[in-house]
Amino acid sequence: MKVLKVDPIKNGTVIDHIPAGLAQRVLATLKPRVSDIVMMGMNFSSKVMGQKDIIKIEGRELTQNEVNSIALIAPEAKVSIIRDLKVAQKSKVEIPELIEGLVACGNAKCITNGEPMQTKFRLINAGKRELACQYCERVFNADELKHL
Amino acid sequence: MKNLISMRDLNVEDIQQLLALAESLEKDPMQLDLSRRVMAAMFYEASTRTRMSFESAMKRLKGEVVAMIGTSGTSVEKGETLADTSKIMARYSDIIVMRHPLEGAARYVSEQVDIPVVNAGDGANQHPTQSLLDLYTIKKSQGSLENLKLALIGDLKYGRTVHSLVYALAPFKPEFYFVAPDSLRMPAYIVNDLKNMGVNFKLRENLDDIVPDLDIMYVTRIQRERFPDREEYEKVKNAFIISSQTLEGAKDNMKVMHPLPRVNEITTDVDSTKYAYYFDQAENGVYMRQAILATLLGEAK
């Protein structure tokens with residue numbers, strides 16, 4: 001019998017295949033609410049990845065924007081929406097072409113850091129996770145950008 | 001073309017159309033009438049030349065200008081957002097020409113208003129009207145933009161003007177010499193882009209032997225502040241000063257350009273040679289800006 005290290009959830013979201021060590025950063029971008037019951041597993045063994053992290057959130061289905069924010073940190077992650085103990089929806093995360101209001105521009109002289117406005121980035125290289133600010137036109141690696 | 005924010009937004013046809021219109025307006029400025037059209041100049045930082053060049057362009061086509069020059073005494077000082085200021089300007093005018101110290105400001109304003117927006121410089125990012133007037137100047141002086149040999153000289157690391165110029169010229173099969181002190185070399189990302197685009201270029205630390213080869217010398221100012229110490233600045237600065245002696249052996253068609261203001265990087269004895277072209281370049285700015293204003297206002301024929 002398969003023994004689960006983390007309890008199954010009835011309704012909510014499972015984020016699996018997070019590269020080992022990144023679970024805390026992924027969770028930080030999701031800004032858990034007081035009502036969320038969160039389980040985080042780190043350094044589990046994985047056939048594909050060697051080691052992986054996993055997050056389960058009981059009682060909360062992630063929105064598309066939240067899934068996108070995971071993609072910027074852990075593009076390999078897989079997100080499953082659980083309803084009544086069953087996987088209702090399974091998706092690979094993918095960095096969208098246009099990333100709005102998720103990350104701050106790393107250029108201190110960018111207008112987005114000077115005016116009350118939303119940031120916009122365009123994906124220019126999915127493999128290298130490179131994004132260009134729509135405003136100042138600078139190119140950044142996703143790891144260089146602070147999540148809002 | 002709805003706005004002019006970045007050279008990246010323009011394709012070769014857009015550029016060719018603007019060049020043709022600038023040429024035609026230089027020959028016959030009376031062909032267009034922008035009377036009853038109002039240009040709002042929103043200048044969050046001082047720039048005498050760019051602003052006056054735009055004002056002159058608009059007024060020579062019989063248009064009107066309202067201007068905000070600097071933020072002192074304006075609602076901006078009271079804390080008004082850029083979005084609000086530009087929305088109000090859009091009620092007062094038919095086109096906005098703006099300069100702002102923050103990068104991307106013109107793009108943001110173009111999203112806030114329904115009238116055309118021209119970027120007249122957004123920090124270290126873009127200054128497309130300068131790039132276009134440079135292209136016009138090169139074309140006018142050489143008859144074509146194709147297959148030219150150009151030396152870009154001076155501060156190639158921080159010089160926004162030269163950065164956009166190399167991209168603007170790239171489709172026209174140029175051969176570049178990038179002449180700069182080691183600490184102010186053309187940034188690696190641009191050098192890599194040019195390699196990927198198959199553009200020919202050579203990196204040099206001085207002008208030795210290349211002057212007779214050139215069609216255009218594009219000189220920029222080396223600012224002392226860019227150097228970590230004064231000694232290093234003193235060591236290199238003379239290698240990048242152009243005098244009439246430097247120009248010996250140059251081809252007859254060779255022209256010296258400079259975005260101005262110059263300090264000492266082109267000595268005044270060059271002014272009276274047939275190679276001096278920087279004042280013409282400044283004048284060309286008026287024709288190119290007329291072409292840009294007319295095109296964006298939908299008045300280009």
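Two residues are taken to be in contact if their C-beta atoms, placed from the backbone, lie within 7 Å. By this criterion, 13 residues of chain B are in contact with 14 residues of chain A. The structure is a predicted model, in which local features need pLDDT of at least 70 and side-chain atom pairs count only at pLDDT 80 or more, while totals for chains, interfaces and linings use all residues. Residues are numbered from 1 along each chain as its sequence is written, and chains are lettered from A and ligands numbered from 1 in the order in which they are written.

On the side of chain B that touches chain A, α3 and α4 of chain B each supply at least two residues; helices (H or I, at least four residues) and strands (E, at least two) are DSSP runs, numbered from the N terminus. The largest share of this side, three residues, comes from α4(B). Its residues divide into five nonpolar, five polar and three charged, where Ala, Val, Leu, Ile, Met, Phe, Trp, Tyr, Cys and Pro count as nonpolar, Asp, Glu, Lys and Arg as charged, and the others, Gly among them, as polar.

Helix α4 of chain B spans residues 105-112, and because six of its eight residues are buried, the helix is largely enclosed by the rest of the structure. A residue is buried if 20 or more other C-beta atoms lie within 10 Å of its own, exposed if 12 or fewer, and partly exposed in between. The buried residues of α4(B) are B:A105, B:A106, B:R107, B:Y108, B:V109 and B:S110. Their cover includes α3 (82-92), β3 (95-100) and β4 (117-122) of chain B.

Elsewhere in chain B, helix α5 (residues 128-142) and helix α6 (residues 160-169) pack at an angle of about 55 degrees, with their axes 9 Å apart. That angle makes α5(B) oblique to α6(B), since angles under 35 degrees count as roughly parallel, over 145 as roughly antiparallel, 65 to 115 as roughly perpendicular and the rest as oblique. In this packing, B:P128, B:Q130, B:S131, B:D134 and B:L135 of α5(B) meet B:T161, B:S164, B:L165 and B:A168 of α6(B). By class, the contact has four nonpolar, four polar and one charged residues.

Chain A is divided into domain 1 (12-92) and domain 2 (98-144), with bounds from an automatic or database domain assignment. The C-alpha centres of these two domains of chain A lie 24 Å apart. Four residues of domain 1 of chain A are in contact with five residues of domain 2 of chain A. The domain 1 side of this contact has two nonpolar, two polar and no charged residues.

Methods
Axes are lines fitted to C-alpha atoms, for helices over the stretch in contact, and angles run from 0 to 180 degrees between N-to-C directions.
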